[in-house]
Amino acid sequence: MSKVTKEQQEKWVQITTKCYNDQAVWVLNGFWEELQGENAEMIWRFVQKFSELDQEKKAGGCFLDEFWSHKFLETLGETLTVIALREKLRQIDVDNNKKMGIIEYLMFRYNKTVEQMLNAPQGENKEEVDKAQAMVNAAQVAVTQMVQRLEEQKKAVAVAQEAAAEAKAQEQAARAAESEAKSRAAEAKRSEDEAKTREGEAKARESDAKARETEAVAREADAKAREVDAVAKEVEAKKHEAEAKRTAEVSAAAAGEAEKAAATSRAAADESQAALQELKNQETTYENRKAELEKASQTGGVVQRNKAANELEQLKSEDPLPLRRAKINQTAAVKKAERAAAESAAAAAKAAEAAGAAQVAATEAEQSRARSEEAHAEAEAARKQAEEARAQAVAAREQAEEARHQAEQAREQAEEARRQADAAAAAAEKAAQQAEEARKNAEKKQADAEEAERQVAAAVAEAEKALDDAVQYLQVVKAKGGVAYGQIWWMERQLEEKKKYLPKRSQK
């Protein structure tokens with residue numbers, strides 16, 4: 001495919017910088033005999049697609065970049081690889097700017113050269129065609145304005161009708177809400193009166209519960225005091241019992257020791273008595289021997305008398321003083337031991353008497369402790385009962401307080417509900433009045449909008465006349481020779497497109 005030369009560049013730029021519509025018209029003017037009919041309609045669709053794909057300028061654009069050119073070819077079913085796409089675009093892109101104008105695509109599609117495209121005839125009656133184009137443009141503007149006014153007015157009527165219907169519904173709802181609010185206000189007043197009655201009853205129950213709690217607290221305090229006294233007495237009794245037991249144990253031990261001492265004293269006295277008796281026996285033996293020897297020394301043979309005399313002398317020669325002294329000392333010791341034994345026996349008897357008395361006292365203390373423990377247990381049980389009674393009284397009082405608190409809250413809520421219901425009733429009444437006023441205003445706006453819609457008929461007639469004038473003038477221009485048939489067809493196609501927006505009764 002031929003490329004643009006330096007000599008062709010200036011004119012080429014003039015053509016390719018036209019918008020998509022004008023590029024297409026240039027091609028149709030130049031090759032009308034070949035492209036009229038289905039091809040012209042296809043070119044019309046190509047222009048619409050180019051305008052759609054141009055992300056920046058839309059219908060005012062003059063070419064697509066490589067990406068959107070690929071997208072355009074895809075819409076025609078020409079899905080290519082990137083390499084094949086670039087090769088095809090290279091063939092289409094006769095000015096090597098890596099972009100595709102619709103004139104370049106049409107050159108490629110219909111196999112035209114740059115020179116053929118630059119020299120394509122554009123018609124001789126430019127003045128009449130320009131006038132026709134101006135009339136078509138004016139007709140399009142008139143239709144656009146008519147469509148805009150018609151759409152706006154339809155929306156305004158629809159909005160007004162919807163607003164009127166909504167205002168009417170709101171008024172009805174407001175009246176219903178007013179009736180309901182007044183009913184709720186009356187019910188709230190009844191609820192408030194009932195809540196106040198329940199609050200009074202709850203306060204009376206709370207007062208009674210507090211009195212019972214005070215009485216229970218007093219009984220509990222008295223029971224605790226009795227328990228404290230019983231505990232103190234029990235402690236004292238246990239202390240006295242322990243002391244009595246210790247005294248009894250000490251007395252019993254003392255009695256035992258005294259008995260042991262008495263036994264020891266008696267044994268010592270017996271031993272001393274035995275020793276004294278031994279001394280007396282020795283003394284008796286001495287005297288008996290002495291008497292025997294004295295008698296033997298005086299009777300019998302000489303030898304026997306001499307022998308007895310010698311033994312008697314020897315016996316007499318022995319010192320009797322230690323024996324007599326021992327006898328005297330032992331006699332004293334016996335007396336002393338007997339006195340000690342008597343004293344120990346008396347002490348043992350006294351200790352035994354004291355131990356008996358201590359045992360009696362310990363038994364009495366144990367019985368007293370048992371009575372104190374029993375009194376303590378009874379006082380503790382009484383205290384526990386009093387605590388339980390107090391706890392029940394506290395729970396009853398707390399329940400009464402909670403009931404009173406709930407009753408107060410219920411009464412406050414009922415009062416608030418009544419106030420809110422009163423306010424809601426007043427607000428509902430005011431809202432009903434406002435809704436009625438809004439409904440009247442909405443109905444007036446609806447009437448105004450409907451009147452304005454009727455006035456749009458003038459715009460429709462004006463648009464119809466502009467279209468008819470343009471169509472008639474195009475027929476006149478077409479009847480003359482040497483015209484730009486492509487541009488004439490394009491203008492007719494534009495008028496045909498605009499007729500679609502006229503009301504059905506106005507389309508011909």
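1. Let me start with Glu-194, which counts as partly exposed at 46% relative accessibility (buried means under 20% relative accessible area, exposed over 50%, and partly exposed in between, with a 1.4 Å probe and protein chains only). Its salt-bridge partner is Arg-198, with the closest N and O atoms 3.9 Å apart (a salt bridge is a side-chain nitrogen of Lys or Arg within 4 Å of a carboxyl oxygen of Asp or Glu). Arg-198 is partly exposed too, at 43%. Both residues lie in helix 9, four residues apart, about one turn of the helix (helices are DSSP runs of H or I with at least four residues, strands are E runs of at least two, and both are numbered from the N terminus).

2. A word on the basis: this is a predicted model, in which local features need pLDDT of at least 70 and side-chain atom pairs count only at pLDDT 80 or more, while totals for chains, interfaces and linings use all residues. Residues are numbered from 1 along each chain as its sequence is written, and side-chain values use heavy atoms, with hydrogens and water left out.

3. The salt bridges come to 58 by this rule. One of them joins the side chains of Arg-418 and Glu-192 at 2.9 Å, N to O. This pair ties together distant parts of the chain, since Arg-418 sits in helix 11 (residues 321-479) and Glu-192 in helix 9, 226 residues apart. Arg-418 is partly exposed at 21%, whereas Glu-192 is buried at 3%.

4. Helix 11 also holds Glu-401 and Arg-397, four residues apart, about one turn of the helix. Their side chains meet in a salt bridge of 2.9 Å, N to O. Here Glu-401 is partly exposed at 23% and Arg-397 is buried at 15%. Elsewhere, salt bridges that share partners join Glu-234, Lys-238, Glu-241, Lys-245, Glu-366, Arg-369 and Glu-373 into one network.

5. If you were wondering about disulfides, the count is zero (a disulfide is a pair of cysteine sulfur atoms within 2.5 Å). Cys-19 is in none, and the nearest cysteine sulfur, that of Cys-62, is 8.9 Å away. Cys-19 is partly exposed at 23%, while Cys-62 is buried at 11%.
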